[in-house]
Amino acid sequence: MRHAPDELSRLSDEKLMRLVADLDAGAFEILYDRHVAAVYGLCRRMVRSTAQAEDICQDAFLSVWRSGGRYDPKLGNVRSWMLSITHNRAIDQIRRSRRHDDRQIHDDALAERMPGGDSTDGEALDRIQADATGRALRGLPDSQRAVIELSFYSGYSHTEIADRLELPLGTVKGRMRLGLEKLQGQLSKAA
Amino acid sequence: MRHEDDHCEELLAAYVLGACPDGEARAIAEHLARCARCATMAQRLRQRTDVLLVDVPARAPTPTVKDRVMGPVRAEAALFEAAREGAYEPTRSGRPRPNRDRRSLVRLRPPVRVVATALASVLLLVAVGGGLLAGGLGSGAPKENVVLTQIQRTLPGGATVALEIRGGRAELQVRGMQSPGAGRIYQVWVRKDRQVPQPAGAALAVDARGAARARLLADVRRFDQVLVTSEPAGGSPLPTRVPVLEVRTSV
């Protein structure tokens, strides 16, 4: 039995996901409307091209639809699950692009933003998409924020970041750890 | 082991940020499976990365994205519904059985039979190498058969198509294909011996670069052709246009 749209719109995400698992397109549309801005926002945060962001957004939602039966509420809420799928898709896309035709573009862009070396680090880091940096990250020291952004949003490995910043690998790993540790504190302060 | 724990601990932040190379990530995952202490730390750090997922400004995409998502979704939902009801299984006469369920989404569009002899705009032959399909049907068949496509022609404009079959399951991939247009989707069908096409349980959602892939729910071993037609966004119970692709799965 299918539900009317106004009835569906009153259901929680978790209840809608149960209907999606039963291939209810109407329930899926409600979820799309509720979460598309967050999903697309993450896509745009991770890739610069509008077309690429829209492709990832489309791909992520179709993946949610096709794997709806695998959603497990114990592993987190629906929005987090959708955003994790989106993040994975975006990272795959970014790495594919970087490996192939966009490699030079990405490298040049990174080189421009990150001339390398600890001494120029701070100045370069200030230029990393400051406007796109979220509330939680803004409170971190630039050096920690940068390695988190470059790994989580741009898909660089720790060794790639160390190479490009001309930093010891241990320093990069340490900054990642310290940055993540401080994130929770930043959020608590901001709340 | 203490040394292993220390090494893992050092890498955990990089791991949850997705910054470890594949081999290293696999090794950490294996360690986490047997070390409760590191697994707890990883879980704690992972909660921080969840924050990063939502710590971005919300933005609305163009409305076409919703069409590109909901088109295949509605089509697939309708196909599943039709498959559940068995409404469109061809009869011996080759005509579909009437659908008695008035609520069914697929009834919204009148079925239009595709004339069996209608020429597809593109005809592709899939070469079945080394008796792969035949092998797939036999009892001694390998668990995973891969049928490599040999494209005889490509679509106008240089588009390409590939069909990969593993066991009875098939994945259709296209590149460089034109969009089906606003409010339309590419729906995938299977057919045997020029009978009425049946829904393959898949639709191709072509992205901005003309690429798409779809896994077919139908067991392709029971059929000898895979077709693609342009259909209204909600999908159709039977093809309403001549195929833009016709792929033979046997020679």
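Over how many bridges do strand S3 and S6(B) pair in chain B? The count is five, and the two strands run in the antiparallel sense, with S3 covering residues 169-175. Keep in mind that this is a predicted model, where local features need pLDDT of at least 70, side-chain atom pairs count only at pLDDT 80 or more, and totals for chains, interfaces and linings use all residues. Residues are numbered from 1 along each chain as its sequence is written, while chains are lettered from A and ligands numbered from 1 in the order in which they are written.

**The sheet in chain B**
- S2, S3 and S6 line up in that order as an open, antiparallel sheet; strands pair if DSSP finds at least two bridges between them.
- At the edges sit S2 (160-166) and S6 (212-216), each pairing on one side only.
- Val174(B) has Ala212(B), in S6(B), as its bridge partner.

**Chain A**
- Chain A has 11 helices and zero strands; helices (H or I, at least four residues) and strands (E, at least two) are DSSP runs, numbered from the N terminus.
- Of its 191 residues, 41% count as buried, meaning 20 or more other C-beta atoms, placed from the backbone, lie within 10 Å of a residue's own.

**Where A touches B**
- Here 43 residues of chain A are in contact with 38 of chain B, that is, their C-beta atoms, placed from the backbone, lie within 7 Å.
- H3(A) gives the largest share of chain A's side, 12 residues.
- Helices supplying at least two residues each include H4 (50-66) and H11 (169-190) of chain A.

Technical notes: Buried ≥ 20, exposed ≤ 12 C-beta atoms within 10 Å, placed from the backbone. Contact = placed C-beta atoms within 7 Å.
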